[in-house]
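Grab a pencil and have a look at the model below. We'll work through a few exercises together, one step at a time.

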Amino acid sequence: MNKEQAPAKRLRSNERLLKALSIVLVLGLIVVVVLLSDRLPNFDSVGYVGVFVLSFVGSASIFVPVPGIAAVCAGPLIGLFPLVVALLASVAEAIGELTGYLIGFSGRGFAENNRLYPRIEQWMQRRGWLVLFLASSIPNLLFDLVGIAAGTLKYPVWRFLVAVWFGKLIKSTTIAYACFYGYDWALRFFGLK
């Protein structure tokens, strides 16, 4: 092996190691979510920490649906400040969405069988930041495919996190304030208050 081939071989080796670690991390997170799903904090008793944890777990879990949106909605109803709830939830959800990104980074085999994935991957290639922002700014069951596409395309992780955080902030703020004001409106509308 000549001197020019050595760095390329080392780079491939490091990339394989990073992919393997990504798979282990994602699988470990999924196992933890499944094993601890009945022990997740009740946000009524732990407040802001509960909102953060439930939001993180809700966005980090790919196979196990967890009510992260419910925590964002219920937080203001139990007396938590809606904007703080939205900020905490958006940070937690952006970090949690890294699981999809890491799955994509380790190889796109997970999503190849989905008929929408090729289209999402094309969108990511053309307008990555915009796709991430728009897909994360609404409650979206397909966001995991967007995250996987971002990882597959080796989209810069810091840009991924910033775009997703901005989108999640809009989504969480809308939900928190809609629940906060909507609850009182509904009680008055139905004559219960």
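Predicted model: local features only at pLDDT ≥ 70, side-chain atom pairs only at ≥ 80, totals over all residues.

**Exercise 1.** Describe how helices H3 and H5 pack against each other.

*Solution.* Start with what you need: two packed helices are described by the angle between their axes and the distance between the axes. For H3 (residues 48–60) and H5 (residues 82–96), the angle is about 30 degrees and the axes lie 7 Å apart. Then look at who touches whom. H3 brings residues including Tyr-48, Phe-52 and Phe-56, while H5 brings, among others, Leu-88, Val-91 and Glu-93. Finally, sort the contact residues by type: twelve are nonpolar, three polar and one charged.

**Exercise 2.** Find the residues that make the nonpolar surface patch, and say which element gives the most to it.

*Solution.* The patch covers about 400 Å² and is built from Tyr-48, Phe-81, Leu-83, Val-84 and Leu-87. H5 gives the most, with three residues. What about Phe-81? You'll find Phe-81 in the loop between helix H4 (68–77) and H5.

**Exercise 3.** Work out which parts of the chain the salt bridge of Glu-93 links.

*Solution.* The structure has three salt bridges. In one of them, Glu-93 pairs with Lys-168, at 3.6 Å from N to O. Now place both partners: Glu-93 sits in H5 and Lys-168 in helix H9 (residues 157–189). They are 75 residues apart, so this pair links distant parts of the chain.

Methods:
Residues numbered from 1 in each chain as written. Heavy atoms only, no water. Axes fitted to C-alpha atoms, helices over the stretch in contact; angles between N-to-C directions. Helix = DSSP H or I, 4+ residues; strand = E, 2+ residues; numbered from the N terminus. Contact = heavy atoms within 4.5 Å. Nonpolar A, V, L, I, M, F, W, Y, C, P; charged D, E, K, R; others polar. Patch = residues over 30% accessible without salt bridge, like charges linked within 9 Å, V, L, I, M, F, W, Y side chains within 5 Å. Areas by Shrake-Rupley, 256 points an atom, 1.4 Å probe, with all protein chains shown as cover. Salt bridge = Lys/Arg side-chain N within 4 Å of Asp/Glu carboxyl O.
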